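Please examine the sequence and the structure shown below. The questions and answers that follow take up selected features in turn.

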Amino acid sequence: MMSKSTVNKSSSLVRIVQERELLKREIEEEERKNQSVPNLPKDCVTCILLQLPIDALQRSSCVCKLWHKMINCSIFIKSHLHRSESVVIFQTSAKDEEQHYFSLSSVPKENPGTFSIEKDLLKCVNVFRRPFLDKWSKSYIRYIEIIDGEHYTRDYNISCLGRILACCNGLILLENKLNKGGLVVLNPVTRKLLAVSAGTICPPHQESYGFVLDPSLNVYKIVHLFRDESGYVSCEIKVVGERRWGVVNGPSLGLFAWFGHKPVSALGALHWLPSIDHNDYIVSMEVENADFVTIPLPKSGRTHDGIIAMGDSLCFVTHEGLNQIDIWVLKSKAGNWMQQQSIMVGCIMDMVPLSGSRFGKHVIFRRDEDGSLYVYDFKLEAMSFIEIEKDIVPASGSLIPHVNSLVSWSMGELISACD
């Protein structure tokens, strides 16, 4: 027969199990009662997530596996990109550590939370093949965004040695100072990067880089224009992720006098102003077939005039007298322009157009005299000064239109379905 003590022990164990099961049910019931957000249909969750700014979107990706999958699918990323407003990205020098060494034996330390592009690149380099660089100025990557008329300067907490050359859909193209003539493609939001092999090496003032999406192939392309020793402008193109550069026919002789203007991507093409002071046309390269054409401007452009992308349009921004700035929109590649806006307040002769809103809300200008920034709000019809902290000084030529996104140079790396 079973002893009395054994029976009592069994009864105690059964009672403990029952109590734990009861407690577990009570906790689950309490959690259900306290749940602040009910279970929503997937389409509703997607619509809510699409409204979030990029930093909140990244945090939301960590909430659960379902949200992570939804946010990182290619369809969602493209939808969020189309809803995102443009910002202006720029570089500032590292004040207290302007001279930066990378040697065989040591990699400079960064502040906690700071992502070093060069340090990440060196992970893939054999320690015995790491280059020794002379002193280069280290810089940090920041951006300016405008929300409801207010201006904010944000920090990506990313350091680099090379200059930003071009931007496209949230990706930036930089110089790779660890490889002469090499490049780096980086998404500053996700901090994913890719080293790109060097093309033709030439002096910076004799070349221009463009960065663009080819929608017909769904690939990103790097376009490199450069002037050779004979004075001809040549062109080579590299598909990001592929090994080789491809040579294409460059623009006709004499079209380019200067490479100082960065190209603008709009209407399925890259567009350049080819001269420093007097421009009667723009030089355009079709993305799909790499054909170069010229498009006449509605009037001659001077030093402080420029072209910008605004919405889906290419705009020519030109000064008309001392107190007026006109904005023309290209209606056809044959050179048909229509005057869309005239800015009559706050105009200064040396204001250079820098960036246009993706939704037509504003235009950002930079004064040539002192580098100060201004934004014109079309709804308010007002020009306002963009105040930046005194110790944050954008490097010369580093202010470039950009958009924050989760885009990858290879959408195949992303989850392809949202189901």
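Q: Which residue does lysine 177 meet in a salt bridge?
A: A salt bridge is defined as a side-chain nitrogen of Lys or Arg within 4 Å of a carboxyl oxygen of Asp or Glu. For lysine 177 the N to O distance is 3.9 Å. The partner in this salt bridge is glutamate 175.

Q: On what basis may such values be read, and what kind of model is this?
A: Residues are numbered from 1 along each chain as its sequence is written, and side-chain values use heavy atoms, with hydrogens and water left out. Local features need pLDDT of at least 70, side-chain atom pairs count only at pLDDT 80 or more, and totals for chains, interfaces and linings use all residues, since this is a predicted model.

Q: Is glutamate 175 buried or exposed?
A: Buried means under 20% relative accessible area, exposed means over 50%, and partly exposed lies in between (1.4 Å probe, protein chains only). Lysine 177, at 21% relative accessibility, counts as partly exposed. Glutamate 175 has a relative accessible area of 16%, so it is buried.

Q: How far apart are the closest N and O atoms of arginine 154 and glutamate 145?
A: Arginine 154 is partly exposed at 31% relative accessibility, whereas glutamate 145 is buried at 18%. These residues form a salt bridge. Their closest N and O atoms are separated by 2.8 Å.

Q: Which residue forms a salt bridge with arginine 367?
A: Arginine 367 counts as buried, at 15% relative accessibility. The closest N and O atoms of the pair are 3.0 Å apart, and the partner is glutamate 369.

Q: Why do the buried residues of helix H5 line one face of the helix?
A: Helices (H or I, at least four residues) and strands (E, at least two) are DSSP runs, numbered from the N terminus. Helix H5 spans residues 74-83, and its buried residues are Ser74, Phe76, Ile77, His80 and Leu81. The arc is that of the directions from the helix axis to the C-beta atoms. Seen down the axis of H5, these buried residues line one face because they fall within an arc of 160°.

Q: Which exposed residues does the face of H5 turned away from its buried side carry?
A: Contact means heavy atoms within 4.5 Å, and the cover over the buried residues of H5 includes helix H2 (42-50), helix H3 (54-60) and helix H4 (65-71). The face turned away from the buried side carries the exposed residues Ile75 and His82.

Q: What arc do the buried residues of H2 cover around the axis?
A: The buried residues of H2 are Val45, Leu49 and Leu50. They lie on the same side of H2, because the arc that they cover around the axis is only 135°.

Q: In which strand is glutamine 91 placed?
A: Glutamine 91 counts as buried, at 5% relative accessibility. Leaving aside its neighbours within four places in sequence, its contacts include Ser139, Ile141 and Val393. Its place is in strand S1 (residues 87-93).

Q: How far apart in space are serine 159 and serine 93?
A: Serine 159 is found in strand S6 (residues 150-160) and is buried, with a relative accessible area of 1%. Serine 159 and serine 93 are 66 residues apart in sequence. In space, C-alpha to C-alpha, they are 9.4 Å apart.
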